[in-house]
Amino acid sequence: MGHKTFIGGVHPYDGKELSKDSPIKEVLPKGDMVYPVSQHIGAPAKPVVAVGDTVLKGQMIAEAGGFVSSPIYSSVSGKVKAIEKRRVAVGDMVDSIVIENDGMFTEITYESVEDVTALSKEEIIEKVKNAGVVGMGGAGFPTHVKLSPKEPDKIEYIIANCAECEPYLTSDYRRMLENPEELIGGMKIILQLFDNAKGILGIEDNKPDCIEKLTELTKDEPRIEVCPLMTKYPQGGERQLIYATTGRAINSKMLPADAGCIVDNVETIIAVYNAVKNGQPVLKRISTVTGDAVKNPSNILYSIGTSYQELVDAAGGFKSQPEKIISGGPMMGFAMFSLDIPTTKTSSSILCFTHDEVAAFEPQACINCGRCVEACPEQLIPSRLAKFGLRGQMDEFEKWHGLECIECGSCSFACPSRRQVAQPIKTMKKLVLAEKRKQASKK
C-alpha cells in the first residue's frame with residue numbers, strides 16, 4: 001500500500017527531534033493528586049468516596065455518570081483530602097477529587113486473563129467500560145461507547161491512529177517503538193468484536209522505524225496491515241485518516257461507524273489491551289514534555305492526577321523562563337498560565353517555549369490570497385467563515401458549512417497576513433451548536 005494522504009493540509013516545523021530519541025521513563029508522583037470528574041466527553045463521573053476515606057491505587061473513586069461517561073480510578077494510595085472545584089488545562093473550574101498521596105502506592109489486585117480469545121464480545125466491552133478507557137488522543141470519548149455501534153457487522157475497518165501529526169509530540173512514537181506488542185495485542189482484541197473488520201495501522205512516513213517494526217510484527221496477521229501515510233498536518237485528524245486509509249469520506253453529521261470505520265489512538269488501544277488482558281484500569285499514560293525552554297525534553301509515563309509542574313520537574317525543569325506554555329500540541333492545544341494544573345486521561349503533552357511567536361506577529365488585512373482555502377482539509381473558505389464569526393452572522397456561517405470545520409488551525413498557520421483565522425470560526429461554531437442544543441431542548 002502506497003503513502004496515502006488527503007486534500008489540503010500544511011507542513012509546520014515538527015520539532016520532534018527534541019524528544020523522539022528520549023526513551024519512556026516512569027515518574028512517580030510526590031504531591032497531592034487531583035482528579036477532575038470530567039475527563040471525558042459525556043456526563044461527569046460521580047464521586048463514590050468521601051473526604052477522609054482511605055483509598056488504594058487502582059480503586060474506583062468516581063463511577064460513570066451515564067452510558068456516555070467513564071469511571072475514574074485513584075493512581076495512588078492515600079486519603080481523600082477534598083472534593084472541590086479545581087482549574088483544568090482549558091481554564092474551567094471542574095469538580096475534582098483531591099487525594100493526599102501517601103507515597104506507598106499500595107495497590108489492589110487485578111484479575112488478568114490468560115486467553116483473551118476465549119472472552120465473549122460482551123465481556124470485552126464490559127472490561128473496557130469498567131477500566132475507564134476513553135479516547136486518549138485528546139477527544140476523551142468513552143471507548144466502550146465507540147466499540148458498541150448499532151450495526152457492528154457493518155464495521156469494516158479498525159484504524160489505529162499512529163500518525164501523531166501534531167508537531168513536537170513523540171509519545172505515540174515511543175510507544176510504537178517500545179510497546180509494539182501491546183499495540184498489536186490491543187488491535188487484535190478490538191478485532192474480536194467485529195467479525196468483518198480489518199485492522200489498519202496508519203503511520204506517517206516520518207517514522208520509518210515504526211513502520212518497519214510494526215510491519216515485521218504483523219507479517220503473519222492476515223487481518224492487520226500497516227499503511228504508510230504522507231507526513232502532513234492534520235493527517236491524524238479522524239476524517240483525514242479515514243479518507244487516507246480507506247478512501248471514504250465523512251462529514252460533521254456522520255460518525256466514523258457510518259462509513260464502516262472505528263478510529264482509536266495508540267494510547268487508547270494500549271489501554272484496551274491492559275484493561276482486557278491485565279484487568280488494569282486507566283491509571284497512567286505517557287506525555288511528551290518538550291520545547292526550547294525545557295532542559296531535558298522527555299517522554300514521561302506518569303500517574304494521572306499528577307500536576308504539570310511535576311512533569312516539568314521530571315524533565316529537568318526550565319533552562320530558560322518560558323514565555324508560552326501549551327497543554328497539547330501547538331496547533332490544537334491550549335495555552336496555560338500556570339503549571340499548578342492536574343493531568344487527566346487526555347493530557348498528551350506540555351510544550352514550553354522561550355518565545356511566544358504567535359503573539360509577536362501583528363495581524364494585517366486579509367489580502368484574499370486563498371492560501372487558507374488551499375490549506376483547509378475540509379475544503380472550506382476559512383477567511384469568509386472568520387468574517388461571519390466576527391460579525392456574529394450565525395445563519396451565513398452555517399450556510400457556508402462552518403460546522404464542518406475540524407478546528408485544526410491550518411488556516412491560521414497558512415495565512416501570510418498572520419490573521420488568527422481559526423479563532424472566530426471556533427467561537428462561532430460553539431455558539432451555533434449551543435443554539436441548536438437550546439432549540440432542541442424546547443421541542
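**Salt bridges in the predicted model**

Glu398 and Lys436 form a salt bridge in which the closest N and O atoms are 2.7 Å apart, a salt bridge being a side-chain nitrogen of Lys or Arg within 4 Å of a carboxyl oxygen of Asp or Glu. Because Glu398 belongs to helix α12 (residues 394-399) and Lys436 to helix α14 (residues 422-442), the pair ties together parts that are 38 residues apart in sequence; helices (H or I, at least four residues) and strands (E, at least two) are DSSP runs, numbered from the N terminus. Glu398 is partly exposed at a relative accessible area of 32%, and Lys436 is partly exposed at 38%, where buried means under 20% relative accessible area, exposed over 50%, and partly exposed in between (1.4 Å probe, protein chains only).

The structure is a predicted model, in which local features need pLDDT of at least 70 and side-chain atom pairs count only at pLDDT 80 or more, whereas totals for chains, interfaces and linings use all residues. Residues are numbered from 1 along each chain as its sequence is written, and side-chain values use heavy atoms, with hydrogens and water left out.

A salt bridge also joins Asp356 and Lys324 (3.5 Å, N to O). Asp356 lies in the loop between β17 (349-353) and α9 (357-360) and Lys324 in strand β15 (residues 324-327), so this pair ties together parts that are 32 residues apart in sequence. Asp356 is buried, at 15%, while Lys324 is partly exposed, at 21%.

Within helix α3 (residues 171-178), Arg174 and Glu178 lie four residues apart, about one turn of the helix, and their closest N and O atoms are 3.0 Å apart in a salt bridge. Arg239, Glu378 and Glu404 are linked in a network of salt bridges, and a search of the whole structure finds 22 salt bridges.
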